[in-house]
Amino acid sequence: MASTTPLNEQIPGTVITVDNRKYTTPVFQGINTNEYWNVFHKEKGRCPDYTLTDKAENPHARAGEMPQKFWIEAGALILFLRSCMGLDGPKDGKELYELASQDRWYSYDQTFQSNGNKMSWYKFNRTYTENLTRYKGKGVSFCTRGNITDAGSVPHAKDASCMISYMYDSDPKETLDVLVKLLKEKVIAEDERIFFCSFANFQVNHNKFPTESHGDLYCRDAPTVSDQVQENPFAKIAGFVDKFVIMHTGGETDIYSRKWCCFELSKAMEKVEKDDNTKMIMVGSEAYREKVVAAISRFDPNSFQREYDAAANEEDIPRAWKDLMEPLNLSPEELTLMQVLAPADTKNSIAQENQPPENPRVKGPINAMLDESIESIVAGKLDPRTQMAIPGEVVEGFLAANLLINSIRMRYQASILTGGSGLVQYVSSANRPNAIPGGNVIFAGDV
């Protein structure tokens, strides 16, 4: 197997034709081209090219209605990641992955500028997820399951059992490492049905490909990314799964700076409160553990949790965090390091299409939809002295989301200090998150 153009001659982020199909470079035939599925499905039947012409017949037309059907088995997820990264299959796979990390197509995006030559899920999706599904008309999750062929086949599938919330800014290798560890320690099963955003959605049709120059990269008979998320499928999926995995990784951007991640954790906490059988697992990669340890060591451990709780319950979190940082006299680089500890501020977190270009003062439709969803969140109000829930009193909206997130996040980070140096540490939230600020969080040690 070989690409029509050697990898060392390809310029990342350009368009190349292989077997009469368009791909964005870097490309290696059989790894991130159509041929991949012929190998992957050798025991399940081929994953045929997409032939439907009515968007309403596409399986992703049901994304807003029944997102619980859009899962991938944990074993298939790990196998897919390993093959893309060159850990299995042709030796050229590792070189391909390295080239993909240098993709400059989204260079106007601040996230990519800060990421430099580091791999991220944005780049992974472009090189692998989009290239491998462009002619299939459905996401990776459905491509690994031969029984999902059109919109009519979606309702007959089983429901997802687990949802993983993760940060697109991080290297997928960290995600893979955590997944393998969770599987090994039986936190998730090999046949766990996981809703994993990058693969649940059909990622090809987005607004980052200029239509005038790259219009042929679209699958015109399938929904766009915005079509699939505008009804907030993540709010609905929370009602079906009984296991939430909140994955912390070591990218330069904190997971709680993203509104999707804040919303997903808030919904997980709400579900845990209502359902005794729901588990929420906070996990972190080794890179994340190192960041937390380096940051939290700057504080007096006897006072940090008290000071953090005070800042996290302020309405103006940026100001409260600044007040907490000022006495430390940190350099700009050290302040950046400390951001891994900053309380979640859902109101000022960001989402894709944060502002429409024609009016930067107005939030885009996806951000506005998320704001409306977060406004519906309710949580028990805390006593500022004891950090215990006040019976009968509640807070709503962004304050409620901040309370739910920060009450468990800080305790998860504190647990890392006592959890040793294993790849993954996690806490399982016990029932009733209103009690979490009082210590009702179980630290399960290294998994």
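Biologist: How many bridges join strand E4 to E6, and do the two strands run parallel or antiparallel?

Modeller: Strand E4 (residues 162-165) is joined to E6 by four bridges, and the two run parallel. Please keep in mind that this is a predicted model.

Biologist: Which residue of E6 does Ile164 stand opposite?

Modeller: Ile164 has Val245 of E6 opposite it.

Biologist: And what joins E6 to strand E7?

Modeller: Six bridges join E6 to E7 (residues 279-284), and these strands run parallel. In this pairing, Ile246 stands opposite Met282 in E7.

Biologist: Why is E6 described as largely enclosed?

Modeller: Strand E6 covers residues 243-248, and six of its six residues are buried, so the rest of the structure largely encloses it.

Biologist: Which side chains of E6 point which way?

Modeller: Lys243, Val245 and Met247 point one way, while Phe244, Ile246 and His248 point the other way. All of these residues are buried. In a regular strand, side chains alternate between the two faces of the sheet.

Biologist: His248 is at one end of that list. Which residues, His248 among them, line the second largest cavity?

Modeller: The lining consists of His248, Thr249, Gly251, Thr253, Asp254, Ile255, Tyr288, Lys291 and Val340. By class, that is three nonpolar, four polar and two charged residues.

Biologist: What is the volume of that second largest cavity, and how many cavities of 30 Å³ or more are there?

Modeller: Its volume is about 40 Å³. The count of cavities of 30 Å³ or more comes to two. Rolling a probe the size of a water molecule over the atoms shows where empty space is left.

Biologist: Which element gives the most?

Modeller: H15 does, with three residues in the lining of the second largest pocket.

Biologist: What is the make-up of that pocket lining by class?

Modeller: The lining of the second largest pocket has 11 nonpolar, 10 polar and nine charged residues.

Biologist: Next topic: where is Asp371, and is it buried or exposed?

Modeller: Asp371 is found in helix H17, residues 365-374. Its relative accessibility is 12%, so it counts as buried, for which the cut-off is under 20%.

Biologist: How far is Asp371 from Ser349?

Modeller: The two are 22 residues apart in sequence, and their C-alpha atoms are 9.9 Å apart in space.

Biologist: What about the rest of H17: which residues are buried, and which helices do they pack against?

Modeller: The buried residues are Ile366, Asn367, Met369, Leu370, Asp371, Ser373 and Ile374. They pack against helix H10 (225-229), helix H12 (259-274) and helix H18 (397-416). Seven of the 10 residues of H17 are buried, so this helix is largely enclosed by the rest of the structure.

Biologist: Where is the cis peptide bond from Thr25 to Pro26, and what is its omega?

Modeller: Omega is near 5 degrees for the cis bond from Thr25 to Pro26. Pro26 is located in the loop between strand E2 (21-24) and H1.

Biologist: What is phi for Asp19 and for Asn20?

Modeller: Phi is near 50 degrees for Asp19, a positive value in a residue other than glycine. For Asn20, phi is near 65 degrees, again a positive value in a residue other than glycine. Asp19 lies in the loop between strand E1 (15-18) and E2, and Asn20 is placed in the loop between E1 and E2. Asn20 is exposed, at 78% relative accessible area.

Biologist: And Thr51: where does it sit, and is it buried or exposed?

Modeller: Thr51 lies in the loop between helix H1 (35-40) and strand E3 (72-73). Its relative accessibility is 67%, so Thr51 counts as exposed. Thr51 and Gly137 are 86 residues apart along the chain, with 8.3 Å between their C-alpha atoms.

Biologist: Finally, how many helices and strands does the protein chain have?

Modeller: The chain has 18 helices and 11 strands. Of its 447 residues, 56% are buried.

Technical notes. Residues are numbered from 1 along each chain as its sequence is written. This is a predicted model: local features need pLDDT of at least 70, side-chain atom pairs count only at pLDDT 80 or more; totals for chains, interfaces and linings use all residues. Side-chain values use heavy atoms; hydrogens and water are left out. On a 1 Å grid over the protein atoms alone, a cavity is a set of points where a 1.4 Å probe fits but cannot get out, and a pocket is an open set with protein on both sides within 12 Å along at least five of seven lines; lining residues have an atom within 4 Å of a point. Grid points are joined across faces, edges and corners, and a volume is the space filled by probe spheres set on the points. Ala, Val, Leu, Ile, Met, Phe, Trp, Tyr, Cys and Pro count as nonpolar, Asp, Glu, Lys and Arg as charged, and the others, Gly among them, as polar. Buried means under 20% relative accessible area, exposed over 50%, partly exposed in between (1.4 Å probe, protein chains only). Two strands pair if DSSP finds at least two bridges between them. Contact means heavy atoms within 4.5 Å.
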